[in-house]
Amino acid sequence: MTDSLTLMVRLAAGAANDALLAFTADLATRLKIGRVVGISACQPVMFYGSPDAYVPPQLIDWDRTQIDKELREAEDAFRSTVGGKVPAVEWRSSVLDYGSIVDFVAQEMRAADLLIASAAEDGTMLDRTRNVDIADLVLRIGKPVLIAGSGIERLDLRSAVVAWKDSKEARRAVQDALPLLVHANRVTVAEVAPDESLAAAEARTTDVARWLTGHGVTASSRVDRSEGDDATQLAAIARRLGAGLLVGGAYGHARLREWVLGGVTRELLLRPVGASMVSH
């Protein structure tokens with residue numbers, strides 16, 4: 001039941017979070033979510049810079065004052081927009097002298113089922129004391145992430161597309177997305193496959209659609225012949241179907257904090273026009 005779910009929304013300090021908060025409040029209301037946690041964090045300029053660099057004391061003081069102000073503003077916006085829309089809200093924030101913002105969010109996600117984040121943040125990496133890499137979040141937190149496209153204030157569930165790939169990440173993604181998919185008017189399980197794999201792809205997507213149907217989802221399957229750029233083709237399918245939600249798995253690994261994701265994952269799911277739900 002969705003009323004037993006806890007959502008966490010990641011807010012960027014010092015940024016306009018109005019659309020993301022409206023998106024969160026609307027979703028929580030529609031799904032009758034029981035609890036929403038707002039979260040934000042900053043790294044002081046002294047921590048983020050080179051340990052050998054000289055930072056004037058007045059800059060450190062100004063930075064801390066600014067951080068405190070931005071975190072208060074983020075909390076106020078969260079409580080005024082989401083508070084009163086759900087039975088319980090909670091705020092978590094931190095000034096991180098050690099560790100990263102992603103580390104902090106990943107640790108706090110022990111308290112929630114789903115993280116909501118903004119795709120806009122992926123393109124605002126000039127200030128890493130405030131912003132995060134969405135791919136880093138997806139691959140680190142161990143929970144599904146619902147990514148709202150820039151400026152999107154409402155999750156459109158008239159049509160949803162599951163970008164299928166026969167992998168554990170995709171299987172986890174469709175399982176994680178089930179509480180949302182049951183509210184969609186129609187769900188299409190789509191796969192792009194080369195000629196020699198079309199029959200197998202038909203069988204795979206049919207299986208997934210039948211599984212979804214068994215859980216109360218209005219689902220069908222679709223397979224298109226690969227033309228060389230799967231992400232572009234899947235995006236075109238989603239547009240033709242009017243999908244407001246894309247669901248898919250994130251494929252990647254970490255080495256020295258550098259994340260490697262497939263083109264389909266980054267281009268299609270991490271930068272959605274509407275919204276996407278991604279699991280790793």
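This is a predicted model: local features need pLDDT of at least 70, side-chain atom pairs count only at pLDDT 80 or more; totals for chains, interfaces and linings use all residues.
Residues are numbered from 1 along each chain as its sequence is written, and side-chain values use heavy atoms, with hydrogens and water left out.

Let me begin with the overall picture. The protein has nine helices and twelve strands, where helices (H or I, at least four residues) and strands (E, at least two) are DSSP runs numbered from the N terminus. Of its 280 residues, 51% count as buried; buried here means under 20% relative accessible area, exposed means over 50%, and partly exposed is in between, with a 1.4 Å probe and protein chains only. The exposed surface comes to about 13100 Å², of which carbon and sulfur atoms supply 51%, the areas coming from the Shrake-Rupley method with a 1.4 Å probe. If we take contacts with a separation of 6 or more, residues 24 or more positions apart account for 79% of them, a contact being heavy atoms within 4.5 Å.

I would now like to turn to strand β4, residues 114-118, in which five of the five residues are buried. In a regular strand the side chains alternate between the two faces of the sheet. In β4 both faces are covered, with Leu 114, Ile 116 and Ser 118 buried on one side and Leu 115 and Ala 117 buried on the other. Which strands pair with β4? Strand β1, residues 6-10, pairs with β4 in the parallel sense over three bridges, and Met 8 stands opposite Leu 115. Strand β5, residues 145-148, also pairs with β4 in the parallel sense, over four bridges, and there Ile 147 is the bridge partner of Ala 117. Pairing requires that DSSP find at least two bridges between the two strands.

Next, the nonpolar cores, each defined as a set of buried Ala, Val, Leu, Ile, Met, Phe, Trp, Tyr and Cys residues joined through side-chain atoms within 4.5 Å. The largest has 45 residues, and those with the most contacts inside it are Val 36, Leu 146, Leu 181, Leu 212 and Leu 245. Helix α6, residues 168-181, gives the most to this core, with seven residues. Apart from it lies another core, of 39 residues, among them Ala 41, Ile 141, Ala 235 and Leu 241.

Finally, a search of the whole structure finds 20 salt bridges, each being a side-chain nitrogen of Lys or Arg within 4 Å of a carboxyl oxygen of Asp or Glu. Arg 240 and Asp 224 form one of them, with the closest N and O atoms 3.9 Å apart. This pair links distant parts of the chain, Arg 240 lying in helix α8 (residues 230-240) and Asp 224 in strand β8 (residues 219-225), 16 residues apart. Arg 240 counts as exposed at 54% relative accessibility, whereas Asp 224 counts as buried at 17%. Another salt bridge joins the side chains of Glu 90 and Arg 92 at 2.7 Å, N to O; Glu 90 is partly exposed at 24%, and Arg 92 is buried at 18%. Both residues belong to one network, in which salt bridges that share partners join Arg 35, Glu 90, Arg 92, Glu 108 and Arg 110.
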